[in-house]
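Here's a quick briefing to read alongside the model. Have the sequence and the 3D view open as you go.

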Amino acid sequence: MSSVAVLTPESFAEHRSGLRDEETRGGVPEDEAYIPTYLEAFPPLPEKGTPGEKSSELTGVWNKIRPIKSSVITQVFHVPLEERRYKDNSQFGEGDEAKVCVDIMQKTGAHIELSLAKDQGLSIMVTGKLDSVMKARKEIVARLQTQASATVTIPKEHHRFVIGKNGEKLQELELKTATKINIPRPEDTSNQIKITGTKEGIEKARHEILLISAEQDKRAVERLNLEKAFHPFIAGAFNKVVQEIMQETGARINIPPPSVNKDEIIITGEKEPVSQALLRIRKIYEDKKRKTTTISVEVKKSQHKYIIGPKGNTLQEILDATGVSVEMPPLESSSETIILRGEPDKLGPALTQVYAKAKSVVVAEVTAPAWLHRFIIGKKGQNIGRITQQLPKASVSNGFHFK
């Protein structure tokens with residue numbers, strides 16, 4: 001058995017007194033020899049000063065110790081069913097999606113876990129260092145999600161600010177939004193920048209590019225910090241109101257998309273058009289803030305997607321029909337609280353629509369042992385396919401976990 005020796009002030013003094021003179025002095029003349037005390041040889045750990053006292057400086061090696069911060073982060077991403085590139089659920093966990101994830105993990109060093117939601121969308125959890133997670137996210141978006149594209153028009157002379165020194169700004173923007181951004185070459189006269197990625201990624205990239213352009217715009221620039229909860233009224237259903245203001249005034253108005261949690265609305269253009277647009281936006285904001293009220297309702301989290309609708313269209317339809325804004329909690333949040341904001345006499349009809357959409361699809365769970373799953377699914381999904389053919393309005397999904 002091993003033992004541990006404990007050195008105390010008494011044992012240290014006894015040990016020192018038992019040494020021969022030449023051992024304690026190390027061959028140095030007696031008047032030059034110095035034998036440290038126990039406290040000098042083994043300084044105590046620093047103690048916290050009493051309240052109100054000024055803490056003394058740490059001494060010795062102890063003041064070099066610093067807490068170690070973890071550099072590992074975890075982020076969760078969601079891929080809706082309509083944006084999944086591979087939709088063959090019979091092979092989930094072992095098909096193309098699994099192979100893609102293994103390849104991404106090997107390329108980036110990040111750890112990826114997949115799970116299939118009840119609506120057949122994907123939840124993807126990525127763990128690793130920040131740089132690895134961001135690279136993995138970009139790969140996931142490019143390879144597991146269907147891609148859309150859009151263009152944003154800014155003055156040609158502002159393109160170089162989007163690119164940044166040695167292309168660093170552009171790389172950072174692509175990584176941050178998980179998109180591919182194509183900027184026309186200098187000899188190309190086009191002032192349109194093409195963005196490819198998911199709908200949410202495109203919205204974020206477009207917003208950031210317009211902000212960069214606004215910073216460089218030497219004409220009139222107005223920044224309005226208006227509560228984000230009232231942005232839907234300023235934008236209008238399907239952006240009808242803000243498009244109308246821009247068309248009538250000639251000013252450019254940049255409202256952050258729902259996925260960007262910012263209050264700031266930026267208006268750019270000639271001085272007079274900017275002033276006109278500013279007045280109209282303020283009028284809408286003050287009018288809605290004065291007239292509207294809110295109600296909160298609880299709806300099961302699993303039903304939220306039916307209220308949001310494909311690409312948020314159902315929320316826009318409710319706003320268009322009733323003038324009421326429906327504020328949903330983030331997908332990654334566990335909250336089930338939905339906030340309706342509008343004029344009191346419009347809240348009732350809007351609430352009726354919210355409940356109708358929430359109940360438009362019913363989810364039922366059937367519990368079966370894991371070993372039965374492959375028999376239920378059938379070879380190449382034949383059994384599930386037969387059920388969904390017989391019941392075209394129903395969908396069947398199975399939850400899996402991949403590491």
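This is a predicted model: local features need pLDDT of at least 70, side-chain atom pairs count only at pLDDT 80 or more; totals for chains, interfaces and linings use all residues.

A residue is called buried when its relative accessible area is under 20%, exposed when that area is over 50%, and partly exposed in between, using a 1.4 Å probe and protein chains only. Residues are numbered from 1 along each chain as its sequence is written, and side-chain values use heavy atoms, with hydrogens and water left out.

**The overall picture**

- The protein has 16 helices and 13 strands; helices (H or I, at least four residues) and strands (E, at least two) are DSSP runs, numbered from the N terminus.
- Of its 403 residues, 34% count as buried.
- The accessible surface comes to about 25600 Å², and 53% of that belongs to carbon and sulfur atoms; these areas come from the Shrake-Rupley method with a 1.4 Å probe, and for residues only the protein chains shown count as cover.
- Take the contacts (heavy atoms within 4.5 Å) between residues at least 6 apart in sequence: 69% of them join residues at least 24 apart.

- Three strands make an open sheet in the order β4-β6-β5, with antiparallel pairing; two strands pair if DSSP finds at least two bridges between them.
- β4 (148-153) and β5 (180-182) sit at the edges with a single partner strand each, so one side of each has no neighbour in the sheet.
- The twist from one strand to the next averages 20 degrees; axes here are lines fitted to C-alpha atoms, for helices over the stretch in contact, and angles run from 0 to 180 degrees between N-to-C directions.
- β5 and β6 are antiparallel and share three bridges, with Asn182 partnered by Lys194 in β6.
- α8 packs on this sheet, where it touches β4, β5 and β6, and its direction makes about 150 degrees with that of β6.

- Gly197 belongs to strand β6 (residues 192-197) and is buried, with a relative accessible area of 0%.
- Leaving out neighbours within four places in sequence, Gly197 is in contact with Thr146, Gln147, Ala148, Thr179 and Ile202.
- The C-alpha atoms of Gly197 and Gln145 are separated by 8.3 Å, though the two residues are 52 apart along the chain.
- Thr198 is in the loop between β6 and α8 and is buried too, with a relative accessible area of 9%.
- Not counting residues up to four places away in sequence, Thr198 touches Glu83, Val141 and Gln145.

**α7 against α8**

- Helix α7 (residues 168-177) and helix α8 (residues 199-216) pack at an angle of about 150 degrees, their axes 9 Å apart.
- On the α7 side, Lys169, Leu173, Lys176 and Thr177 meet Gly201, Lys204, Ala205, Glu208, Ile209 and Ile212 of α8.
- Sorted by class, that contact has four nonpolar, two polar and four charged residues; Ala, Val, Leu, Ile, Met, Phe, Trp, Tyr, Cys and Pro count as nonpolar, Asp, Glu, Lys and Arg as charged, and the others, Gly among them, as polar.

- Another open sheet of three strands runs in the order β10-β12-β11, and its pairing is antiparallel.
- β10 (293-298) and β11 (325-327) are the edge strands, each with a single partner strand, so one side of each lacks a neighbour in the sheet.
- Neighbouring strands here are turned by 25 degrees against each other on average, direction ignored.
- Six bridges join β10 to the antiparallel strand β12 (residues 337-342), and Glu298 stands opposite Thr337 in β12.
- Helix α14 (residues 344-358) packs on the sheet, touching β10, β11 and β12, with its direction at about 145 degrees to that of β12.

**A hairpin and a buried loop residue**

- Strands β2 (residues 111-116) and β3 (residues 122-129) pair in the antiparallel sense over six bridges, and Ser115 has Ser123 in β3 as its bridge partner.
- β2 and β3 form a hairpin with five residues between them, and Gln120 in the turn has a positive phi of about 70 degrees.
- Back to Ala251: its place is in the loop between α10 (240-249) and β8 (252-254).
- Beyond residues up to four places away in sequence, Ala251 touches Met246, Ile267, Thr268, Pro273, Val274 and Ala277.
- The C-alpha atoms of Ala251 and Glu272, 21 residues apart along the chain, are separated by 8.8 Å.
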